[in-house]
Amino acid sequence: MADATCSNSNQQTPGQNLPNDDDDKNAFISALPTQPGWISRSLKQYQGFWLDEQLIPVILSLQQKFRGKPDHIVLTSYPKSGTTWLKALLFSITNRSRYHAADAAASDGNGNNPLVSYNPHVCVPRLERYAENNVDDPNPDQVLFNTHLAYSLLPKSMIHCGCKIVYVAREPKDVLVSLWHFAVKLRGKDDLLPLTFNEAFDMFCNGVSDFGPYWDHVMDYWNAHLKFPHNFFFITYEDLMEKPVFNVKKLAHFIGQSFTIVEEERCIAEEIVSFCSFEKLGSLEVNKTGTMSPVERVSHKK
């Protein structure tokens, strides 16, 4: 499968001409363009996208050593675009024969469904965080995982292996507001100077944000979805909000796990949507406290 056309014109081909030696990597990263960060002191521009400096060695490792498999299901998104909800839905879809959503919904936090006891970020691990702790072999055992990496930053083996890649996009104004609130919260904890909304607005519109430019991030996946519809599924957060059951069924069909006639009669898709609702998941203690494993911290800080 060939790469989809990307909107950034001056990018390296992922996996080629990348530094291997640690000293070479440090020199390479130091020479990259730099801008002030949102939740860190600075961002580095690598292959057309702005990233926390600590993530670049992780991305280099993934581009060189990740082994894509046909049964992988990869949830991709720009930050603050509905990732957590999609994680819960995809986990429930792919594990519905093991964990019944109706039983979990009635358990009041005492069921055996992992989503009752663990944050969705633990149930569906983030690839960058796994690779950060396994740089020499950044290949998780899980079939289902997520990433915020732009399409052009994905490991080539992921693109070529024939796996299923789901991308969720959200209205940019809502992404901006959510990112800004998140940044304000973390900057206060890390003793960084306050970031005003006007500053965040200008940075976002200029493409300077974690994993940005936002516009290129979304359009690259949109182009890939148009060119390779059997491997890329593009959905908006707003459409999912409007038609959750319909889109859960579409997701299941896309990943090759369509609901059976019996499951349709039992309204399993409806049960999954109900269990993964904001009201239900938000009421669980694990999601009230925001407890998650250190590897899956949304922050880019170590």
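Guide: The lining of the second largest pocket is made up of eight nonpolar, four polar and one charged residues (Ala, Val, Leu, Ile, Met, Phe, Trp, Tyr, Cys and Pro count as nonpolar, Asp, Glu, Lys and Arg as charged, and the others, Gly among them, as polar). A word on the source: this is a predicted model, where local features need pLDDT of at least 70 and side-chain atom pairs count only at pLDDT 80 or more, while totals for chains, interfaces and linings use all residues. Residues are numbered from 1 along each chain as its sequence is written, and side-chain values use heavy atoms, with hydrogens and water left out.

The second largest pocket holds about 190 Å³ of space. Of its 13 lining residues, Phe91, Asn95, Cys123, Gln142 and Leu144 come closest to the centre. On a 1 Å grid over the protein atoms alone, a pocket is an open set of points with protein on both sides within 12 Å along at least five of seven lines, a cavity is a set where a 1.4 Å probe fits but cannot get out, and lining residues have an atom within 4 Å of a point. Points are joined across faces, edges and corners, and a volume is the space filled by probe spheres set on them. Two elements, α3 (83-94) and α6 (120-123), each give two or more residues to this pocket's lining; helices (H or I, at least four residues) and strands (E, at least two) are DSSP runs, numbered from the N terminus.

Helix α3 lies across β4, β5 and β6, at about 165° to β4; angles run from 0 to 180 degrees between N-to-C directions, with axes fitted to C-alpha atoms, for helices over the stretch in contact. Those strands belong to an open, parallel sheet of four, in the order β5-β4-β6-β7, where strands pair if DSSP finds at least two bridges between them. Its edge strands are β5 (144-147) and β7 (232-236).

Helix α3 also packs on α15 (residues 268-275) at about 145°, their axes 10 Å apart. Here Leu89, Ser92 and Ile93 of α3 meet Ile272, Val273 and Phe275 of α15, contact being heavy atoms within 4.5 Å. These contact residues are five nonpolar, one polar and no charged.

Finally, the largest cavity has about 70 Å³ of space. Its lining includes Ser92, Asn95 and Ile272, and α15 gives the most to that lining, with three residues.
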